[in-house]
Amino acid sequence: MKVYPIAKINLGLNVVNKRPDGYHDLETVFYPIGITDELMIEEGGNDCSLSIDGLPIEGSVENNLVVRAYRAVKERCPHLPPVNITLKKRIPMQAGMGGGSADCAYTITALNTMFQLGLDEQEMRSMAKSLGADCPFFINPTPAYATGIGEKLSPIPLQLDNYHIAIVKPPLAISTKEAFAGITPKHPAKCCREIVAQPIETWKDELKNDFEESIAPQHPEIADIKQRLYDKGAVYAAMSGSGSALFGIFKESPANLQESFNDCFTAIVKQNG
């Protein structure tokens with residue numbers, strides 16, 4: 001079975017509280033976009049073997065979320081057959097686009113379908129939550145307002161039909177620890193769920209990603225790329241998640257994106273309308 005794990009962007013991200021367990025409560029809107037990895041799952045072999053093509057991935061295969069997802073399903077469904085999995089990596093990593101989480105969730109849903117395991121959506125979301133905070137979103141990736149550590153999801157009727165979303169990721173890695181280091185949790189004046197229900201032209205002045213304030217002083221290229229996206233005509237631009245990818249939402253496809261950001265990963269996704 002072949003499936004295509006999809007990326008996401010964050011439309012606003014507010015860090016509202018530090019929890020006793022050391023995690024932080026967030027408010028954000030997850031929005032799926034059509035940049036995909038490719039997962040090929042075939043029955044056979046011994047346990048779960050994983051080969052990776054495309055963008056290089058740090059860390060051992062054993063710790064890859066795809067393998068961990070297989071193991072989680074196997075624990076729940078001991079009769080799960082062994083598989084060979086090939087991952088073609090296209091979604092940039094350490095970008096705030098959820099690529100690893102998507103691979104994890106799509107492994108769970110693909111195994112469920114392929115081997116007729118009978119897991120319902122809630123069971124798969126619970127399994128995904130044990131592997132990563134935003135993994136549950138990708139079990140059924142539709143626009144959603146997320147709270148808690150990102151695992152509490154409420155669908156929202158948001159469509160960016162006919163807009164073009166440009167992605168620019170500089171060659172910069174930002175750790176989660178670094179991203180949170182400069183954050184002072186606070187509730188925003190207006191929730192991002194309310195803001196994205198307004199006309200998109202109002203987002204620039206109201207829709208904020210708290211991580212930009214903490215990261216930009218150490219990495220001025222973040223603010224520079226954001227401004228350049230606006231200079232190219234973006235209606236709204238921001239960093240996704242804890243970065244380092246930025247996105248711009250355009251009414252018309254921006255010209256010469258790769259030439260404008262020639263040291264960066266770039267992509268343009270047309271939202272279907």
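**Aromatic pairs, cores and helix faces in a predicted model**

Mentor: Phe30, Phe137 and Phe138 are linked into a cluster by ring pairs. The model is predicted, so local features need pLDDT of at least 70 and side-chain atom pairs count only at pLDDT 80 or more, while totals for chains, interfaces and linings use all residues. Residues are numbered from 1 along each chain as its sequence is written, and side-chain values use heavy atoms, with hydrogens and water left out.

Trainee: How many aromatic pairs does the structure hold?

Mentor: There are five. Rings of Phe, Tyr and Trp (its six-membered ring) pair if their centres lie within 6.5 Å; planes under 30 degrees apart count as stacked, over 60 as edge-to-face and the rest as tilted.

Trainee: Why is the pair of phenylalanine 180 and phenylalanine 211 called edge-to-face?

Mentor: The centres of phenylalanine 180 and phenylalanine 211 are 5.0 Å apart, with 85° between the planes; the definition asks for centres within 6.5 Å and planes over 60 degrees apart, so the pair is edge-to-face. Phenylalanine 180 lies in helix α4 (residues 176–181) and phenylalanine 211 in helix α7, so the pair ties together parts 31 residues apart in sequence.

Trainee: Why is phenylalanine 180 called partly exposed, and why does phenylalanine 211 count as buried?

Mentor: Buried means under 20% relative accessible area, exposed over 50%, and partly exposed in between (1.4 Å probe, protein chains only). Phenylalanine 180 has 21%, so it is partly exposed. Phenylalanine 211 has 3%, so it is buried.

Trainee: What makes the pair of tryptophan 203 and tyrosine 236 edge-to-face?

Mentor: The ring centres of tryptophan 203 and tyrosine 236 are 5.7 Å apart and the planes stand at 85°, so this pair is edge-to-face. Tryptophan 203 is in helix α6 and tyrosine 236 in strand β10, 33 residues apart. Tryptophan 203 is buried, with a relative accessible area of 1%, and tyrosine 236 counts as buried at 2%.

Trainee: Which residues touch the most other members of the largest nonpolar core?

Mentor: Leu11, Trp203, Leu229 and Ile249 do, in a core of 55 residues. Such a core is a set of buried Ala, Val, Leu, Ile, Met, Phe, Trp, Tyr and Cys residues joined through side-chain atoms within 4.5 Å.

Trainee: How do you know that the buried residues of α8 lie on the same side?

Mentor: The buried residues of α8 are Ile222, Ile225, Leu229 and Tyr230. They cover an arc of only 140° around the axis, which puts them on the same side of α8; the arc is that of the directions from the helix axis to the C-beta atoms. The face turned away from that buried side carries the exposed residues Pro220 and Asp231.

Terms used. Helix = DSSP H or I, 4+ residues; strand = E, 2+ residues; numbered from the N terminus.
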